[in-house]
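Have the viewer open while you read.

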Amino acid sequence: MKFLGNRRINMNKFIGCLVLSALTTMPAFAQSGTNSPYSQYGLGDLTDEGVGFNKGMGGVGYGFHKGNEVNPLNPASYASIDSVTMIFDGGLSGQITNFKEGGRKLNAKSGGFDYIMGALRLFPRVGLTFGVKPYSNIGYDYTTTMSLDDQSSKMTGIYKGDGGLNQLFIGAGFRLFKSLFVGFNAAYLWGEVNRTVRTSTTSSVNTLLKDYEASISNYKLDFGVQYTQPLNVKDELTIGAVFSPGHHLNCDPSCRIISSNATIAKADTTTYTISNGYSIPTSFGVGVAYNHDQKLRVGADFKFQKWGSIDYPAFENNTYTLRSGLLKDSYKLNVGAEWIPNPRSTRSVFHHIRYRVGAGYTTPYYYINGQDGPKDLQLSLGLGIPIINAYNNRSILNISAQWQHRSADNLITENTFRLNIGITFNERWFSKMKIE
């Protein structure tokens with residue numbers, strides 16, 4: 001039992017309400033946050049899994065830890081959560097994407113709810129975090145037309161897909177020594193992978209439909225460590241590392257082939273199923289962060305994902321089977337910085353605004369017709385604006401703008417402008433009332 005002023009809070013009911021609120025947001029994560037044709041490959045477009053402050057700093061975060069923010073990129077950071085504070089973090093985003101191929105251009109919009117998380121100090125030296133965040137997004141709908149060898153007829157292909165994977169997770173961070181932190185995330189990973197390909201020709205009444213489906217319900221684990229070394233009174237350096245073991249997702253993807261004839265209104269259906277056909281890769285990450293006097297922090301992260309060792313389902317030569325060589329190892333580099341003019345000032349809110357900047361570069365984790373998929377370049381700018389009123393001066397409104405460029409040789413070029421809005425609600429809900 002804790003006190004807030006003259007109000008008492010039942011911790012079991014309080015945490016139960018927060019978990020319930022996270023569960024009620026789960027249907028919102030079924031909506032796709034992308035409209036990219038590239039999301040038809042692999043498990044879709046992989047998300048950065050960061051929160052508001054990460055997004056404004058180019059997705060960096062392996063070496064960051066503060067008492068008033070949630071950093072899910074490295075669960076070891078949870079051990080730094082303030083003992084008298086309850087943190088609640090949620091965010092949404094919207095984006096406009098310009099697609100360019102040859103001389104053709106097209107604009108599309110998408111967006112939705114991104115994440116919701118809560119964090120608190122559970123015991124001395126132990127921090128707890130829980131919430132819902134995305135893992136991947138699938139969302140596309142486009143048509144292609146090509147001339148056949150005789151030049152008198154054409155083949156039309158209609159490609160559609162939706163779904164993606166999400167994580168309902170709980171994590172804990174532990175302070176082992178003054179400067180050493182470790183932590184973990186344990187997530188329930190769930191979602192749908194739905195893709196259809198419909199082909200027809202102008203010289204035939206036959207239509208071929210390939211319908212790919214998979215329902216995933218499994219787990220995901222992440223482990224993290226951070227070590228902080230003070231350099232002097234005002235400066236410190238933190239090294240962070242993360243590890244996520246790869247494993248099969250214990251789902252059986254299916255491919256249904258439907259050949260229909262419009263003249264006789266007849267369709268032949270054949271269904272193929274692969275046992276345990278999807279997997280997530282083993283991944284490693286390492287990062288470094290420099291903090292100067294709580295005014296400036298700079299970080300750099302490197303991440304490696306072993307997708308190349310994973311076989312992936314494919315329909316080829318009239319059979320649906322696992323194939324090697326469709327996915328490739330992926331590398332990711334992120335850098336970012338945050339500056340606060342005067343964090344100790346009591347005169348102006350402008351002294352406490354957080355100015356953020358960052359960049360990221362990612363190599364593709366799949367091949368397209370034997371060649372590399374698109375490389376990904378991102379630039380970001382962000383602000384953390386304090387919310388100050390009569391009872392709260394620790395909550396932050398996080399706003400960031402991201403520009404993302406994806407391109408590959410002789411394939412579609414994408415330029416995306418994304419606006420992220422989030423709020424980190426931070427209140428001293430667990431302060432004890434002193435009675436004399």
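## Rings, strands and confidence

Tryptophan 190 is buried, at a relative accessible area of 16%. Its ring partner is tyrosine 188: the two are stacked, 5.8 Å centre to centre with 5° between the planes. Tyrosine 188, though, is partly exposed, with 36% relative accessible area.

Keep in mind that this is a predicted model. The chain averages a pLDDT of 87, and 86% of the residues score at least 70. Among the elements, strand E16 (residues 296-305) has the highest mean pLDDT, 98, while strand E1 (residues 2-4) has the lowest, 34. Over residues 1-15 the pLDDT is below 50, and that stretch makes 29 contacts in the model beyond near neighbours in sequence. Residues 17-23 are also below 50, with seven such contacts.

Tyrosine 212 is buried at 18% relative accessible area, and tyrosine 320 is buried at 8%.

Rings also gather into a cluster made of Phe243, Phe284, Phe302, Phe304 and Tyr331. Tyr331 turns up again next to threonine 363, which touches Asp329, Ser330 and Tyr331 once residues up to four places away in sequence are set aside. A polar atom of the threonine 363 side chain lies 2.8 Å from the backbone nitrogen of tyrosine 331. Threonine 363 is in the loop between strand E20 (354-362) and strand E21 (367-368); its relative accessibility is 16%, so it counts as buried.

How is E20 paired? Strand E19 (residues 330-339) runs antiparallel to E20, joined by eight bridges, with lysine 332 opposite threonine 362. E20 also runs antiparallel to strand E23 (residues 375-387), through nine bridges; there, tyrosine 361 has leucine 377 as its bridge partner.

Lastly, two charges over rings. The charged end of lysine 133 sits over phenylalanine 169, 4.9 Å from the ring centre. Arginine 297 has its charged end over the ring of phenylalanine 64, 4.7 Å from the centre.

Terms used:
Residues numbered from 1 in each chain as written. Predicted model: local features only at pLDDT ≥ 70, side-chain atom pairs only at ≥ 80, totals over all residues. Heavy atoms only, no water. pLDDT = per-residue confidence, 0-100. Helix = DSSP H or I, 4+ residues; strand = E, 2+ residues; numbered from the N terminus. Contact = heavy atoms within 4.5 Å. Buried < 20%, exposed > 50% of the residue type's maximum accessible area, 1.4 Å probe, protein only. Polar contact = N/O pair within 3.5 Å; in protein donor to acceptor, adjacent residues only side chain to side chain. Pairing = 2+ DSSP bridges. Phe/Tyr/Trp six-rings, centres within 6.5 Å; stacked < 30°, edge-to-face > 60°. Lys NZ or Arg CZ within 6 Å of the ring centre and 35° of its normal.
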